[in-house]
Protein chains: 2
Amino acid sequence: MTDEKKPRRRPRSDGQRNRTNLLNVAKAAFTAGETDIPLDEIARRAGVGIGTLYRHFPNRDALIEAVYRAELDRLADAAPLLAAQHPPVEALRAWMRLFVDYIAAKLVIAPALNGLAGGTGTLYAQSGTVLQSAIDGLVAAAVASGDISADIEPVDLLRALAGVSNYAAGPGWETSAKRLVDILIAGSRVSTS
Amino acid sequence: MTDEKKPRRRPRSDGQRNRTNLLNVAKAAFTAGETDIPLDEIARRAGVGIGTLYRHFPNRDALIEAVYRAELDRLADAAPLLAAQHPPVEALRAWMRLFVDYIAAKLVIAPALNGLAGGTGTLYAQSGTVLQSAIDGLVAAAVASGDISADIEPVDLLRALAGVSNYAAGPGWETSAKRLVDILIAGSRVSTS
DNA sequence: TTGTTAAACGGAGCAATCCTCCGCATATAT
DNA sequence: ATATATGCGGAGGATTGCTCCGTTTAACAA
């Protein structure tokens, strides 16, 4: 497997520009709830040909994943920052709330995302990792400080949060989601019984 | 709104039979992970014409919802049964575990289901109610017995469980899901701090 | 049993969408 | 200025969702 990268040339500037254009347009569309928008339409709005879209993103799922990944990376990056500013348990809570805020900010990538899950589930395996490591650190710190139980698996919390994004509809869902965060925190503490 | 039903005749037997046939075939296909199966194929496997499928279910989403609803009803029906057999908190825990089991039994209707959420979200509003009332009863009993906090909104727990179904992939997901149930129960108890 | 009628059936065909293919244009490097 | 690899663009084949309407058949009455 000689998998070496040989960048004989620098990547072309127009290519980069078109790529980010496509991502922005797609993100805007998905955010606006137009999850079933034809790909031709996305290409048109971005001012490129359909062929260009398909070169950058070989199929619909790849495009969705790319949009999704970009946002998740930003969310993941917030974790170490919060860890530096708050005591462990509060950092964890804050991050989970941030997760909720992301969904509230109409960055509802979840629905689009879930369409993929039906296929292989590989998307989660890939994209999940950045969130995974983000929350891993937060939980590890809280365990180390003796605040929450060592039995807690970070992925459990992630699953719960993911669920929120699906039910993210109807009035009052946001307060409900934040209550859930508190329940999760309370349930994760070292047993006081 | 004269919304009266005038069943001038009894429903035709072949109609009923074809309808259940379609539901069974669709359920089998979705369960097997073929969420993207063409509707023509479903009709073929059920031994009916495509037109028949579309009369019973006006579009793909309607078919998915019908499959989904049938399973959810069964899950909801289990709630009062469990309530009669266990103390309140344990009944709640048992029901939530049953929820997990349903997903484990490859009744993964969730992925298909989530595809719809992107649209209007009305599906959740409709189908969610049967689960809602099921868990409402369980929680109310647990609150009444003084075991869990009155602040708990049942829907919060439902959201979390729904999340599990999305992340239902990879080895060990099931134990993770059951751990989550325990966390939720622990977090819902009357605060001991 | 036989006739009548409303209900259900079935599949050809239209429209929309996904994605491929390949000749053309342009940015990069010499 | 020239060469060439990289990226662009859109026509078109294949697939799928859904509609429409003539034909078939089960339910009911006499």
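This is a predicted model: local features need pLDDT of at least 70, side-chain atom pairs count only at pLDDT 80 or more; totals for chains, interfaces and linings use all residues.
Colleague: What makes 46% of the residues of chain A count as buried?

Modeller: Burial means under 20% relative accessible area, and 46% of the 193 residues of chain A count as buried.

Colleague: Which residues have the most contacts inside the largest nonpolar core?

Modeller: Those are Trp95(A) and Trp95(B), in a core of 72 residues. Leaving aside residues up to four places away in sequence, Trp95(B) touches several residues, including Leu75(B), Leu82(B), Ile135(B) and Leu161(B). These are called contacts because heavy atoms lie within 4.5 Å.

Colleague: Now the DNA. Why is the pair between Arg60(A) and a phosphate oxygen of DNA strand C called a polar contact?

Modeller: The cut-off for a pair of N or O atoms is 3.5 Å. An N or O atom in the side chain of Arg60(A) is 2.6 Å from the phosphate oxygen, so the pair qualifies. For Arg10(A), a polar backbone atom is 3.5 Å from a phosphate oxygen of DNA strand C.

Colleague: Which helix supplies the largest share of the surface near DNA strand C?

Modeller: That is H3(B), with five residues. H2 of chain A and H1 of chain B each supply at least two.

Colleague: How do the residues of that surface near DNA strand C divide?

Modeller: Nine are charged, eight polar and five nonpolar.

Definitions and conventions: Residues are numbered from 1 along each chain as its sequence is written. Chains are lettered from A and ligands numbered from 1 in the order in which they are written. Side-chain values use heavy atoms; hydrogens and water are left out. Buried means under 20% relative accessible area, exposed over 50%, partly exposed in between (1.4 Å probe, protein chains only). A nonpolar core is a set of buried Ala, Val, Leu, Ile, Met, Phe, Trp, Tyr and Cys residues joined through side-chain atoms within 4.5 Å. A polar contact is a pair of N or O atoms within 3.5 Å; within protein, one must be able to donate a hydrogen and the other to accept it, and residues adjacent in sequence count only if both atoms are side-chain atoms. Helices (H or I, at least four residues) and strands (E, at least two) are DSSP runs, numbered from the N terminus. Ala, Val, Leu, Ile, Met, Phe, Trp, Tyr, Cys and Pro count as nonpolar, Asp, Glu, Lys and Arg as charged, and the others, Gly among them, as polar.
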